[in-house]
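Visitor: I have some questions about the structure that you are about to show. Could you begin with the terms we will need?
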Amino acid sequence: MSKNWVLKKHNKTFLDWFKDTILADDNASEMLRKLADGPKRNVITWQRYDINKYSFYKKEQDQKCTMHNSGVTLRAESQHFASVHDDNPHVAFIPYFGFIEEI
């Protein structure tokens, strides 16, 4: 099996494996159980968020303003392959840009 195949298989199966493993372990910590249970969808949301003297708005709310502040960017580190036949992953920092949809 190639490293590419192993990485894809890991990415597809890890979350289910993690949940099944942790919830079956009577000695697992409460923190691990909460992580294994996954995110909750019933959360409070806001139209804007202030942090470190910066205000961030949801894209929907931002469209009503003259000054826009809903765009965000981040640099993520991940493994990449040059092609399907490449067996040597390369670590790269990839910039991602998007808009805040929910806060």
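Guide: Helices (H or I, at least four residues) and strands (E, at least two) are DSSP runs, numbered from the N terminus. This is a predicted model, in which local features need pLDDT of at least 70 and side-chain atom pairs count only at pLDDT 80 or more, while totals for chains, interfaces and linings use all residues. Residues are numbered from 1 along each chain as its sequence is written, and side-chain values use heavy atoms, with hydrogens and water left out.

Visitor: How many aromatic pairs are there in the whole structure?
Guide: The search finds 3 aromatic pairs. Rings of Phe, Tyr and Trp (its six-membered ring) pair if their centres lie within 6.5 Å; planes under 30 degrees apart count as stacked, over 60 as edge-to-face and the rest as tilted. One of the pairs joins Phe-14 and Trp-17, which are tilted, at 5.7 Å centre to centre with 40° between the planes.

Visitor: And what about Phe-14 and Phe-18?
Guide: That pair is stacked, because the ring centres of Phe-14 and Phe-18 are 5.7 Å apart and their planes meet at 20°. Phe-14 and Phe-18 are 4 residues apart in helix α1, so about one helical turn separates them.

Visitor: What do Phe-14, Trp-17 and Phe-18 form together?
Guide: The three residues form one aromatic cluster.

Visitor: Is Phe-18 buried or exposed?
Guide: Phe-18 is buried, since its relative accessible area is 19%; the class requires under 20%, exposed means over 50%, and partly exposed lies in between (1.4 Å probe, protein chains only). Phe-14, at 33%, is partly exposed.

Visitor: Changing topic, which residues form the salt bridge?
Guide: Asp-37 and Lys-40 form it, their closest N and O atoms being 2.5 Å apart. The term requires a side-chain nitrogen of Lys or Arg within 4 Å of a carboxyl oxygen of Asp or Glu. The whole structure holds 1 salt bridge. Asp-37 is partly exposed, at 40% relative accessibility.

Visitor: Where is Val-43 found?
Guide: Val-43 is in the loop between α2 (30-37) and β1 (48-51), and it counts as exposed at 55% relative accessibility.

Visitor: Finally, which residue lies over the face of Phe-93?
Guide: Arg-75 does, at 4.5 Å from the ring centre.

Conventions
A charge sits over a ring if NZ of Lys or CZ of Arg is within 6 Å of the ring centre and within 35 degrees of the ring normal.
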